[in-house]
Amino acid sequence: MTMTVAAVGVHVLDTHVLGISSIPEGSDGQLVDTIRMSAAGTAGGTALVLARLGATVRSYGAVGDDPVGDTLLALLSRSGVDVGGLVRKPEAQTSASVLPVRPDGARPAWHCIGANGAFTLADLPGDVLDGVTHLHLGGPEFLGGDAAGELLARARAAGITTSVDVLAPGDPDMLAWIAAALPHTDYLLPNDEQVLGFTGATSLADGARALLAQGVGCVAVTQGARGALVAQGSDVTEVPAYPVAVVDTTGCGDAFSAGFLRGLSLGRDPVSAAALGCATAAQVAQGLGSDAGTYDLASVEALTA
């Protein structure tokens, strides 16, 4: 089924360093296995994976007028994402992260917010929603709840399905900051730590129900190696992860979002779509970055068969 996505919000260039067991002391150096750059972010990473899964994707957001931005645009374009909606901000550097990846796939991060902090609704063209079947907003906290809600409401009024993924850690104040966007959100895609932090709940199921009470249509929560949890109406369902040899967990949340949303576009119900999301995350976990490897919709669907 045709899926045309406007991926709006956070776009980041990640630099992965594979083979880190410790940070060298002083000015010492260390040989590593691999250094690789990839497109990422709650909008950018999801856009890239959606394109891999056969969706038509247009990215909207802000990057710097710098070589980091050039690289990010090239990586997105190479994966089939239309980057014409990414504006250049000469006063800010492109958002970027450096990720030293430990042998078990875990990774701390150094991050520069950069141009993502300068992005506003005024940067979006008037035709941003033309021909779109799905609006995915990554990082509504950068716009603020009122502005994010305005954009999502416009999309909903046009018959467009909406989804939101928050970048910031879970905190009740952050939930209050984006609260105005939630009643216009068909699918909220947080991780488990965010759900518990936003709501103060002691269980993930209760936290997801609390977010539904804020007006969200469906909450699909990632739980790392435990898979996902889907809450809709009175139903809460656990969806298991697929066991794989993990290389790097960076981008797995964005990959889940992409697989979940692509599954919905193909007519899957939310629980079945979450299984496709978990399968997509499993593909990404086996390489460095969301664009690693040669996975596509057919290979991801085969994992769920």
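This is a predicted model: local features need pLDDT of at least 70, side-chain atom pairs count only at pLDDT 80 or more; totals for chains, interfaces and linings use all residues.
Residues are numbered from 1 along each chain as its sequence is written, and side-chain values use heavy atoms, with hydrogens and water left out.

Q: How many disulfides does a search of the whole structure find?
A: A disulfide is taken as a pair of cysteine sulfur atoms within 2.5 Å. For C278, which is in no disulfide, the nearest cysteine sulfur is that of C252, 10 Å away. Over the whole structure, the number of disulfides found is zero.

Q: Is C278 buried or exposed?
A: Buried means under 20% relative accessible area, exposed over 50% and partly exposed in between, using a 1.4 Å probe and protein chains only. Because its relative accessible area is 7%, C278 is buried.

Q: Which residues of α7 make the contact with α6?
A: Helices here are DSSP runs (H or I, at least four residues), numbered from the N terminus, and contact means heavy atoms within 4.5 Å. From α6 the contact draws on D192, V195, L196 and T199. From α7 the residues are L204, G207, A208, A210 and L211.

Q: Which residues is S290 in contact with, leaving aside its neighbours within four places in sequence?
A: S290 lies in the loop between α9 (270–285) and α10 (297–304), and at 3% relative accessibility S290 counts as buried. With those neighbours left aside, the contacts of S290 are L48, V49, R52, G251, V284 and Y295.

Definitions and conventions:
Helices (H or I, at least four residues) and strands (E, at least two) are DSSP runs, numbered from the N terminus.
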